[in-house]
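Here is a short briefing on a predicted model.

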Amino acid sequence: MCLAIPMEIVELKGDDGSGPTAALVDSGGIRREVRLDIVDRLPNVGDYVIVHAGFAIHALTRADAEASLSLLRRMARQGA
Amino acid sequence: MSASFDTGLVDSLLVNLKGLAVRPMRFMEVCGTHTVSIFRSGLRSLIPEEIKLVSGPGCPVCVTDQGEIDAFIKVSRMSGVTIATFGDLVRVPGTSGSLAEARAEGADVKVVYSSMDALDIAIRQDDNKLIVFLAVGFETTIPGIAATIKEAKRASIGNFTIFPALKLMPPALCAILPGHKPYLDGLICPGHVSSIIGAGAYRPTARDFGLPCVIAGFEPAEMIAALILLARQAGEGRAEVENAYPKAVSWDGNSRAMRFMDEVFEPSDARWRGIGSIKDSGLTLKAGYGEFDARVRLGVEVKPATEPDGCLCGDIIKGMRSPQDCPFFRTRCTPVTPIGPCMVSSEGTCAAHYRYEKGFR
Ligand code: SF4
């Protein structure tokens with residue numbers, strides 16, 4: 001039930017007075033709408049979200065994703 | 001952005017892992033999505049021989065108690081009810097029949113991707129049927145269901161209910177780990193359950209069971225990185241919580257999502273397939289939301305039921321046995337003719353072995 005890949009925010013939608021309630025997200029051309037009710041922080045267009053069963057559960061920026069990749073690269077270089 | 005096509009990265013991480021696998025080590029992947037990712041990526045055949053991976057209790061459909069499955073099927077056969085369910089539940093065999101069979105006999109069973117889709121069905125429905133959403137899932141799924149119920153209450157949707165069969169991961173780990181302690185060297189902790197509850201939630205597990213706990217992502221490089229941290233801890237005799245999936249998991253978790261959970265649900269004892277009742281490992285609707293409980297609205301009870309004869313799903317969920325130990329595996333039990341939920345669910349251990357076993361050693 002989990003989607004492992006973060007999806008990019010293309011458009012923010014709806015407004016309940018405290019901010020957008022949904023977002024259009026994209027991953028490799030596949031687009032869908034997700035709810036933002038329970039996401040840890042409201043994302044901006046161009047940010048990424050981890051989606052589970054129709055809800056964004058975690059928002060990350062491109063920089064967060066790159067930091068995580070460079071951490072892996074560091075672990076690869078470091079040796080045991 | 002993705003590490004998945006960076007083969008050089010995977011190779012160097014594997015070399016480092018090899019250097020740390022100084023003795024036989026057994027790690028349990030707690031989460032069903034990890035089980036599938038490990039098989040799909042062929043990781044089992046890439047990692048050093050010293051490292052063995054066992055699957056744990058993290059497939060929500062698999063851990064659903066047989067009595068709960070029977071109750072779902074019973075409700076689907078009631079008149080005036082529409083079932084909305086995640087697809088994986090439809091073919092799970094009950095004591096007699098399945099939701100799929102009930103549907104073939106006329107029951108109204110709709111597959112949804114999200115609890116919000118179930119609420120949409122309730123909003124659009126004009127024939128007065130009661131929508132019953134079969135609420136299975138762990139901490140990743142629960143906040144979204146809570147948000148759906150809050151929305152149903154706000155919009156006064158009277159024909160929407162859920163059948164709560166939700167499960168909490170940390171109490172289940174505490175229930176099964178005593179049986180494992182001597183054989184296990186660490187836990188590959190769930191990625192997205194941990195997004196919600198936070199890495200810090202495993203601190204008691206690491207401390208009380210003396211087990212290294214490392215939160216892992218789902219790409220091959222991310223999973224190998226988690227194994228490196230686990231092997232290093234095991235080698236040095238440490239038992240700490242480490243987070244190898246920082247892009248999705250923080251130490252404290254998603255407080256907004258947890259607030260939704262706390263507002264709508266409170267802990268209750270729950271029965272797990274193969275494990276039995278575990279204190280405070282499930283959730284029930286709080287008093288202010290009781291009208292959304294299908295059990296109350298329909299007067300249905302979950303009755304104890306026996307698991308399919310000969311099926312080892314119970315032991316597989318606990319990580320004590322593997323599908324190859326089951327005489328039915330690949331013979332009488334296949335994804336087309338499943339005997340237990342572990343062969344039905346896309347996250348089930350038997351289904352993963354069946355589909356991807358070529359790379360299995
Ligand atoms: S192979 Fe089938 S019968 Fe055997 S444990 Fe798995 S699901 Fe149960």
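## Sheets, a cavity and a loop

In chain B, four strands with parallel pairing make an open sheet in the order E4-E3-E5-E6. Strand E4 (108-111) and strand E6 (160-166) of chain B are the edge strands, and each pairs on one side only. From one strand to the next, the twist averages 25°. Strands here are DSSP runs (E, at least two residues), helices are DSSP runs too (H or I, at least four residues), and numbering starts at the N terminus. Two strands pair if DSSP finds at least two bridges between them. Axes are lines fitted to C-alpha atoms, for helices over the stretch in contact, and angles run from 0 to 180 degrees between N-to-C directions.

**Model and conventions**

- This is a predicted model, in which local features need pLDDT of at least 70 and side-chain atom pairs count only at pLDDT 80 or more, while totals for chains, interfaces and linings use all residues.
- Residues are numbered from 1 along each chain as its sequence is written, chains are lettered from A and ligands numbered from 1 in the order in which they are written, and side-chain values use heavy atoms, with hydrogens and water left out.
- The scores are ipTM 0.92 and pTM 0.94.
- The average pLDDT of chain B is 93, and 97% of its residues score at least 70; pLDDT is the predictor's confidence in each residue, from 0 to 100.

- Seven bridges pair strand E5 (residues 130-137) of chain B with E6(B) in the parallel sense.
- B:Phe133 stands opposite B:Ile162 in E6(B).
- Helix H7 (residues 115-124) of chain B packs on this sheet and touches E3, E4, E5 and E6 of chain B. The direction of H7 makes about 175° with that of E5(B).
- Helix H5 (residues 66-76) of chain B lies across strand E3 (81-85), E4, E5 and E6 of chain B. H5 runs at about 165° to E6(B).
- Contact means heavy atoms within 4.5 Å.

**Five-stranded sheet of chain B**

- A second open sheet has the order E2-E1-E7-E8-E9 (chain B), with parallel pairing.
- Strand E2 (51-58) and strand E9 (241-243) of chain B each have a single partner strand, so one side of each is left without a neighbour in the sheet.
- Direction ignored, neighbouring strands of this sheet are turned by 25° against each other on average.
- Strand E1 (residues 25-31) and strand E7 (residues 186-189) of chain B run parallel and are joined by three bridges.
- B:Phe27 stands opposite B:Gly186 in E7(B).
- Helix H9 (residues 169-176) of chain B lies across E1, E2 and E7 of chain B, at about 125° to E2(B).

**Hairpin of chain B**

- Strand E10 (residues 265-272) and strand E11 (residues 276-285) of chain B pair in the antiparallel sense over seven bridges.
- Three residues separate E10(B) and E11(B) in this hairpin. In the turn, B:Gly274 has a positive phi of about 80°.
- B:Glu266 stands opposite B:Thr284 in E11(B).

**Cavities**

- A cavity is a set of points, on a 1 Å grid over the protein atoms alone, where a 1.4 Å probe fits but cannot get out; lining residues have an atom within 4 Å of a point.
- Grid points are joined across faces, edges and corners, and a volume is the space filled by probe spheres set on the points.
- The count is six cavities of 30 Å³ or more.
- The second largest cavity holds about 80 Å³ of space.
- Its lining has 14 residues, and B:Cys311, B:Cys313, B:Cys326, B:Cys333 and B:Cys350 lie nearest the centre.
- Helix H15 (313-318) and helix H16 (341-344) of chain B each supply at least two residues of that lining.
- By class, the lining has 13 nonpolar, one polar and no charged residues. Ala, Val, Leu, Ile, Met, Phe, Trp, Tyr, Cys and Pro count as nonpolar, Asp, Glu, Lys and Arg as charged, and the others, Gly among them, as polar.

**Chain A**

- Chain A has one helix and five strands, in the pattern β-β-β-β-β-α along the sequence.
- Along the principal axes, its C-alpha atoms fill a box of roughly 50 × 25 × 20 Å.
- A:Asn44 sits in the loop between strand E3 (30-35) and strand E4 (48-52) of chain A.
- Leaving aside neighbours within four places in sequence, A:Asn44 is in contact with A:Ile9 and A:Leu12.
- A:Asn44 and A:Leu12 are 32 residues apart in sequence and 7.7 Å apart in space, C-alpha to C-alpha.

Key:
On a 1 Å grid over the protein atoms alone, a cavity is a set of points where a 1.4 Å probe fits but cannot get out, and a pocket is an open set with protein on both sides within 12 Å along at least five of seven lines; lining residues have an atom within 4 Å of a point.
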